[in-house]
Structures are given as structure tokens and as C-alpha cells.
Amino acid sequence: MTGTPQLSGVDLARQALLAAREAAKRNGATSKKPKRRTTAVVRRDGREPLGLGSAIGMMMTERGMVAPAAGGSVLAHFEAILAAAVPELSGRVRAVVLDAETGRLDVVPDAPAVGTKLRWSAPKLIAAANERVSGANVRALHVLAPAPVKAGPATAVAAPAPQPTESVAPVERRTPPESYRRAIEAHRQAAVPSRVDPGIAQAVERQNRAMRKLSHRAFPEPPAVPDGAPAPIDRARIQRRRQAAATEATALRRARAERTQLTGSKATMRCARTDVVGEKEAS
């Protein structure tokens, strides 16, 4: 007797799925996929009517502009924020722009020293800006190059009101008393007593004279040259040229004499040879 084969879990799941489909067909249900909803985009060419708010929003979207909510409030109340955080710099710093994405506030001081003070006081200024303007989200302070700060509406309000000028009496210099002037004149005319010993001063003078005499002996001064006369160096050059010329003339005379003697000796030797030859022929 053969038994019924036992079905696995996969076969049971397949049979259950087929039974569910047959039951759905008997009940009239269909397995259609749901349709996706599509949104039609209306492109305006500028001739259809458009609301003011939609037009402004479209213009800001096309130009990449963001409505300055918190940033504009920070720039508008910057003078009050600066006065609350660093009151000594009121009227000397101008806020330029606030980057809403990075939270960086760019400011321009009117002098390098003011920029250094701003960098030191950056935490206080950032805390004051976030406290005064809700949602400002200022996280960094960037100090730009110094430039003259133009007085705007906020600066003009923060500037102190000019005080009424009062007539100030000129300061008169008091004339010094007569005794003071006499003391100053006596002090100027008083001779300072010499603190040098006369004997030492005389010895120093004698030593200086002796040193000057030794210097004159070792390095005598050249004689004065009259106007129009050649300088000593020119005279020395002329003397050396004369000596060279005299030496050359003496050498020439000696060479001529030696040459004459040599010629005479040669002639004597020639005559002696002739005599010897004649005697040999006669014999």
C-alpha cells in the first residue's frame, strides 16, 4: 500500500495562491494595477493673468533670491546689537550681509584696530544677535577689510546728539615771579668750576707738544711748490727719465768701443796671416 507523498512548504504556498486566485475570479475581482496620478504643469508665456504673490514668488525663484527674513532683521538692528555687545565700537562698524545657509555675518570696520577688537568680541556679538533677533542663527563673524563707515539711518540714531557749545574763556598764562627769573638768570651766568688739576693739565699739554714734534720729525712736510712749477712726483719722473737716458748713452758708447777694438784685432790678425803666407811662398 503506497502512502500519499508529503508536500513541502513551497508546494503548500503555491496551492494556497492558486486557490485564492480562483476565488477572486468567482467573486468578479480583477487584478488591475492602480493608475499613477500625473500633475500637469502649466507653462505661462506672460499673457495669462497671474496673482501678485505668485508673480513675486516666481521672480524670486527664477533669480535665486530668498526673502530676507532673519537676515534683514539682523542688518536692520545691527547698531543696537553692537551697542549691547561692544558699546565702545558704536558707529564704527557696518554690517554688510548675513549668509542664511552658513550663518556667517560679514561686517566692515573703519580701522584695523576696530577689526581686531571685533575679532576678540565675536562671541559676545554673535550671542547678542541671536538673542535680539529670533531665528537669526548667526554662527560666525567675518571681519572684512577696513573701510570708512557711511552714516546710515541706524548710525545716525545711535550717534550721540551734539551738545550745545558754550563759550570757553581763554586760558591765561601766569607771569613767573621776579625771584624765579632772577634765579634762572643767575644759574645761566654762573661759571661751572673746573675740576681738573692744573698740574695735570700742564703735563698733558707738554706731552702733546712732544708728540707733535716727534710726528713732524718722522713725517716731515714736503716743501711748498710754487705756482706753475711741476709737482714733486713730476720732478721724480723727469729725473728717472734723465738717468735712464744717461745710462743708455753710456751703454751705447761702451758697445761702440768694444766693437772698434774687435774690428782692430781682426784686422791685425788678418795682416799677420798675410805675412805668414808671404814668408812661406818666399822660402
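The model is predicted, with local features requiring pLDDT of at least 70 and side-chain atom pairs counting only at pLDDT 80 or more, while totals for chains, interfaces and linings use all residues. Residues are numbered from 1 along each chain as its sequence is written, and side-chain values use heavy atoms, with hydrogens and water left out.

**The sheet**

- Three strands form an open sheet in the order β1-β2-β3 with mixed pairing, where strands are DSSP runs of E with at least two residues, numbered from the N terminus, and two strands pair if DSSP finds at least two bridges between them.
- The edges are taken by β1 (93-99) and β3 (140-143), and because each has a single partner strand, one side of each is left without a neighbour in the sheet.
- From one strand to the next, the twist averages 25 degrees.
- Strand β2 (residues 104-109) pairs with β1 in the antiparallel sense over six bridges; among the partners found in β2, V107 bridges to A95 and P109 bridges to V93.
- The hairpin of β1 and β2 has four residues between the strands, and G103 takes a positive phi near 75 degrees there.
- On the pairing of β2 with β3, the sense is parallel and there are four bridges, with A140 of β3 as the bridge partner of R104.

**Packing of helices α4 and α6**

- Helix α4 (residues 78-85) packs against helix α6 (residues 122-132) at an angle of about 130 degrees, with their axes 9 Å apart; helices here are DSSP runs of H or I with at least four residues, and axes are lines fitted to C-alpha atoms over the stretch in contact, with angles running from 0 to 180 degrees between N-to-C directions.
- That angle makes α4 oblique to α6, the class left once angles under 35 degrees (roughly parallel), over 145 (roughly antiparallel) and 65 to 115 (roughly perpendicular) are set aside.
- The contact (heavy atoms within 4.5 Å) is made by F78, A80, I81, L82 and A85 of α4 together with K124, L125, A128, A129 and R132 of α6.

**A127 in helix α6**

- A127 is found in helix α6 and counts as partly exposed at 43% relative accessibility, a class lying between buried and exposed, the latter being over 50%.
- Although A127 and N137 are ten residues apart in sequence, their C-alpha atoms are 9.7 Å apart in space.

Technical notes: Buried means under 20% relative accessible area, exposed over 50%, partly exposed in between (1.4 Å probe, protein chains only).
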